Amino acid sequence: MTFFKKINAVAAGAALGVSLVATASGATDLRGWNIHVDDYPVSIAMESFMKEVTEKTGGAITGKIYNNGVLGDQPDAIEQVRLGAIDFGEFSLGPMGQAIPETNVVSLPFIFKSIPQMYKLMDGEVGEKIGEGMIAKGMVPLGWYDAGARSFYNSQHPINTPDDVKGLKIRVMSNDLFVMMVEAMKGNATPMAFGEVYQSIKTGVVDGAENNPPSYESTNHFEVAKYYSLTEHLIIPECLCMSKATWDKLTPEQQTIVKDAGHASALLQRELWQAREAASMEKVKAGGTEVNTIADKAPFQAAMAPVYDKFIADNPALTDLVNMIRNAD
Ligand code: BDP
């Protein structure tokens, strides 16, 4: 059974009980959470998702997407979607790890060999297993979005070796794994909301952070942290997800429309991402960013051994999933 057939089978059962409610109540108006600025690839793809859903359901499902994180910070929004208080959102799997252990495997540094490999695996069995974990915790994945690779940036000096991270105060997304990752290189990690990072770098609360080029650029972090070192230590997929509570209220026909629109929006987002990544790199360089590539990533990978050891020790049930990714071509 394919992944979506599975969620449909589960949902078809649930829909028997609730489809009447959906029909009787007429139009369903959804609220969508998004952390990014209006012209970001994620934001454009989410709008296209909503438009397609409204058109194909003949106006029975409408919705509004709230950009710039105005509905709250990401870890809170994940909880809100799980509880059904927000209907859908576009999330990094990074901050999902605390609530949904399966998603943590993609937050292990250097677990994927490349972005194409990440997609191949997420579009196959690995993605299915992670998706099942998400559904069990109240989130239905509708499409995997691209977030490129994350690299370190800071206001002090370029990073070429793990030793260069030593002593730097680095903001990370909310997940213990990212704290361990920075500490494994003897840096000081500070979990912090995305929206607070610019000011924190500017005022010296932290020296830097880590992110993909479009986020480094769209947040203007490049203005205050000009050394961008392409460690590419994390390739974390993102997800357009619907609350299971909302999903269960849709008719099977509506679920198919939502699922298809989610898939189409992911394909659009992945395409937009490529162009934005290139444009962002140009913009930050023109703005004075000093970009350096890493001649040898092996020492960074080796430094992550304790992160893997602790993760496997704490999550023995996820060992197979970790190995499935690590042993993939
Ligand atoms: C961006 C992700 C976004 C995260 C942000 C962060 O797209 O979901 O909230 O990083 O670092 O790349 O918090």
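Predicted model: local features only at pLDDT ≥ 70, side-chain atom pairs only at ≥ 80, totals over all residues.
1. The shell around the ligand holds 3 nonpolar, 6 polar and 3 charged residues. Here Ala, Val, Leu, Ile, Met, Phe, Trp, Tyr, Cys and Pro count as nonpolar; Asp, Glu, Lys and Arg count as charged; the others, Gly among them, count as polar. Among the residues surrounding the ligand are Ile 35, Arg 150, Arg 171, Met 173, Phe 194 and Glu 238.

2. Residues are numbered from 1 along each chain as its sequence is written, and side-chain values use heavy atoms, with hydrogens and water left out.

3. For Gln 74, a side-chain N or O atom is 2.7 Å from a ligand oxygen. For His 36, the distance is 2.8 Å. For Ser 215, it is 3.1 Å. On its own the ligand has 320 Å² of accessible area, and the protein covers 98% of it. These areas come from the Shrake-Rupley method with a 1.4 Å probe; for residues, only the protein chains shown count as cover.

4. Gln 74 also belongs to helix α3 (residues 74-83), where it is buried along with Ala 77, Ile 78 and Val 81. Buried means under 20% relative accessible area, exposed over 50%, partly exposed in between (1.4 Å probe, protein chains only). Helices (H or I, at least four residues) and strands (E, at least two) are DSSP runs, numbered from the N terminus. Their cover includes β1 (28-33), β3 (88-92), β4 (139-145) and β10 (238-243). Just after α3, Gly 84 has a positive phi of about 90°.

5. Val 197 sits in helix α7 (residues 197-202). Val 197 counts as buried because its relative accessibility is 0%. Beyond neighbours within four places in sequence, Val 197 contacts Arg 171, Met 192, Ala 209 and His 221. Contact means heavy atoms within 4.5 Å.

6. Thr 57 lies in the loop between α2 (41-56) and β2 (61-66). A polar atom of the Thr 57 side chain is 2.7 Å from the backbone oxygen of Val 53.

Key. Near = heavy atom within 4 Å. Polar contact = N/O pair within 3.5 Å; in protein donor to acceptor, adjacent residues only side chain to side chain.
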